[in-house]
Amino acid sequence: MDAKLKPWHGIPREKISWHPTVDETLCIGCGLCVTGCGRLVFRYDYQDKKAVVKDPDSCAVGCVTCANICPAHAVSFPPVSHIHRLIKEHELIKKAREELKTNHEKYAV
Ligand code: SF4
Ligand code: SF4
């Protein structure tokens with residue numbers, strides 16, 4: 001589980017508020033989000049037949065796959081502007097460019 005919580009571009013994962021929220025009133029309990037997320041962010045409430053967000057910080061920053069595949073539109077995320085603000089505040093474009101230069105062999109086509 002620790003590997004999933006590694007920092008995102010140097011920002012501690014727990015400082016980033018990015019994870020799905022399930023609207024229980026809309027969830028039809030299909031399980032697509034639970035079984036489809038490779039990071040096991042969700043668990044399943046077998047009694048009430050609902051998806052439950054159990055490990056929110058395991059969610060990949062910027063990913064919205066589960067929201068896209070939910071047939072009931074029950075999954076939501078913060079606005080993407082939240083991520084763009086982080087990029088600006090932490091100068092992540094500059095850092096990415098430096099990383100590209102430093103590790104040319106790793107990233108070159
Ligand atoms: S994909 Fe949507 S409807 Fe299906 S379990 Fe998840 S939240 Fe509920
Ligand atoms: S957004 Fe991606 S990583 Fe996050 S919970 Fe959904 S499928 Fe998993």
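Which residues does Val75 touch, not counting residues up to four places away in sequence? Val75 touches Pro20, Val22, Cys33, Cys66, Ala67 and Cys70. Two residues are in contact if their C-beta atoms, placed from the backbone, lie within 7 Å.

The model is predicted: local features need pLDDT of at least 70, side-chain atom pairs count only at pLDDT 80 or more, and totals for chains, interfaces and linings use all residues. Residues are numbered from 1 along each chain as its sequence is written, while chains are lettered from A and ligands numbered from 1 in the order in which they are written.

The chain holds five helices and four strands. Their order along the sequence is β-α-β-β-α-β-α-α-α. Helices (H or I, at least four residues) and strands (E, at least two) are DSSP runs, numbered from the N terminus.

Along the principal axes, the C-alpha atoms fill a box of roughly 50 × 25 × 25 Å.

Of the 109 residues, 13% are buried (20 or more other C-beta atoms within 10 Å of the residue's own; exposed, 12 or fewer; partly exposed, in between; C-beta atoms placed from the backbone). The largest nonpolar core has 13 residues. Such a core is a set of buried Ala, Val, Leu, Ile, Met, Phe, Trp, Tyr and Cys residues joined through C-beta atoms within 7 Å. Cys33 and Val75 touch the most other members.
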